[in-house]
Amino acid sequence: MLAISLVAIVVSCGFLVNEYRLSQMNADLNEETNDLIIDVDDIYSDYQDAVVPDESTDDGASHELTEEEKQAAIDKKWEEIKKKYPDVDFPEGLQLEYAKLYCENQDFVGFLKADGIDMSLPIVQTTNDDYYLKKDFHRRNTKYGTPFVTHLNTISEEKYGLDTNTVIFGHHMNDGSVFGILDEYKTIEGFKAAPVITFDTLYNDYQWKVIAAFVTNAEASDDNGYVFKYYFTDLSTEERFSAYLNALSERSLYNTGVDVLPTDKILTLSTCSHEFENARFVVVARMVRNGELAEVDVSRATVNSNPRYPQAYYDKKKQDNPYKDAYRWEVG
């Protein structure tokens with residue numbers, strides 16, 4: 001018995017050490033990819049130091065670059081990058097900030113951030129949604145995977161040219177990395193810490209106000225033959241979208257107080273969850289409109305006292321399902 005116990009302890013320690021090693025490797029990779037983002041302000045500063053004559057105004061303020069000088073600084077940096085990476089075919093309209101990330105992986109399509117919960121992740125996209133489930137940003141095997149936009153979405157160069165719903169999937173990791181960080185949104189306090197999400201694409205910068213966070217199912221057998229298909233990309237009419245927003249509000253763990261219009265674009269972040277087997281946790285945000293401030297009055301947020309869950313949730317808690325015979329929204 002002593003020998004068996006010692007073996008079990010050694011195996012357990014080895015497992016924990018390996019898990020820590022993998023977690024640290026993923027953290028290092030995340031820091032590495034973040035470091036690849038080019039700071040345009042640094043580009044302007046370097047250009048100013050190298051090209052613009054040293055001068056100041058009468059009040060001692062430093063010389064500010066003109067728009068023409070800023071563009072010259074950008075053009076100069078692009079020349080350096082293209083010279084360093086002659087084999088990379090850069091798409092027209094690619095933002096300079098993400099040029100190095102694109103050089104590392106041409107599947108890169110955007111960057112996802114939420115400062116209040118320390119989320120900062122490169123996002124990829126391929127024609128095969130399974131590919132990055134077990135591949136890191138450099139296409140190396142890893143259980144952490146890389147968050148990806150579904151292949152059904154289009155990442156457009158046109159400003160505000162995204163689909164009605166841009167859907168990003170990522171693994172829920174127990175160390176809180178990748179989309180494990182989304183657990184913060186399971187509480188209203190977590191929402192208040194990060195009510196605005198940034199998802200910049202290759203071509204444009206976008207900010208998104210969180211409008212809902214809910215638990216749902218992936219298997220029809222977990223909700224009396226029904227799956228709430230939140231992962232659509234477009235809907236046929238604004239009426240269908242309005243009906244979806246109502247279904248979303250019913251399921252959300254809290255009301256964020258953010259208004260939503262049938263003409264708004266939304267961002268959906270989806271990951272696995274542990275409320276029951278094959279559960280999913282989903283965070284939805286709507287795009288900050290043109291001319292609108294990226295600010296949310298979090299004091300208006302209220303907890304939903306009776307959010308709608310799938311049948312499996314109530315079964316696990318041995319509770320009656322008050323929504324068993326409720327309306328079932330369909331994509332249509």
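User: How many bridges join strand 1 to strand 2, and what makes the two count as paired?

Analyst: Strand 1 is joined to strand 2 (residues 119–124) by 6 bridges, and the two run antiparallel. Pairing asks for at least two bridges, so 6 bridges qualify. L112, for instance, stands opposite L121 in strand 2. Do keep in mind that this is a predicted model.

User: How many residues lie between strand 1 and strand 2 in their hairpin, and what is the phi of D118?

Analyst: The hairpin has 4 residues between its strands, and D118 in the turn has a positive phi of about 60°.

User: In which sense do strand 1 and strand 5 pair, and over how many bridges?

Analyst: Strand 1 and strand 5 (residues 196–201) pair in the antiparallel sense, over 4 bridges. With at least two needed, they count as a pair. Here K113 has T198 of strand 5 as its bridge partner.

User: Why is strand 1 called largely enclosed by the rest of the structure?

Analyst: Strand 1 (residues 108–114) has 7 residues, and 6 of them are buried, so the rest of the structure largely encloses it. Over the whole protein of 332 residues, 46% count as buried.

User: Let's turn to helix 2. Which of its residues are buried, and how do you know whether they sit on the same side or on opposite sides?

Analyst: The buried ones are V40, I43 and Y47, in a helix that spans residues 40–50. They cover an arc of only 50° around the axis, which means they share the same side of helix 2. There is a handy rule behind this: an α-helix has 3.6 residues a turn, so residues three or four places apart point the same way. The buried residues of helix 2 pack against helix 3 (67–84), while the exposed residues D41 and D49 are on the face turned away from the buried side.

User: Which residue caps the N-terminal end of helix 2, and how far apart are the atoms concerned?

Analyst: D39 is the cap, with a side-chain oxygen 2.9 Å from the backbone nitrogen of D41. The limit for a polar contact is 3.5 Å, so 2.9 Å is within it.

User: What makes K70 and E67 a salt bridge, and are they buried, partly exposed or exposed?

Analyst: Their side chains meet at 3.9 Å, N to O, and the cut-off is 4 Å, so the pair qualifies. K70 has a relative accessible area of 27%, making it partly exposed, whereas E67 is exposed at 57%. They are 3 residues apart in helix 3, or about one helical turn.

User: What does the salt bridge between K209 and E292 tie together?

Analyst: The closest N and O atoms of K209 and E292 are 2.9 Å apart. K209 lies in strand 6 (residues 207–217) and E292 in the loop between strand 9 (279–287) and strand 10 (302–303), so the pair ties together parts 83 residues apart in sequence. K209 is buried at 6%, and E292 is partly exposed at 25%. Both belong to a salt-bridge network that also links D259, D264, R286 and R289.

Conventions
Residues numbered from 1 in each chain as written. Predicted model: local features only at pLDDT ≥ 70, side-chain atom pairs only at ≥ 80, totals over all residues. Heavy atoms only, no water. Buried < 20%, exposed > 50% of the residue type's maximum accessible area, 1.4 Å probe, protein only. Arc of directions from axis to C-beta. Contact = heavy atoms within 4.5 Å. Polar contact = N/O pair within 3.5 Å; in protein donor to acceptor, adjacent residues only side chain to side chain.
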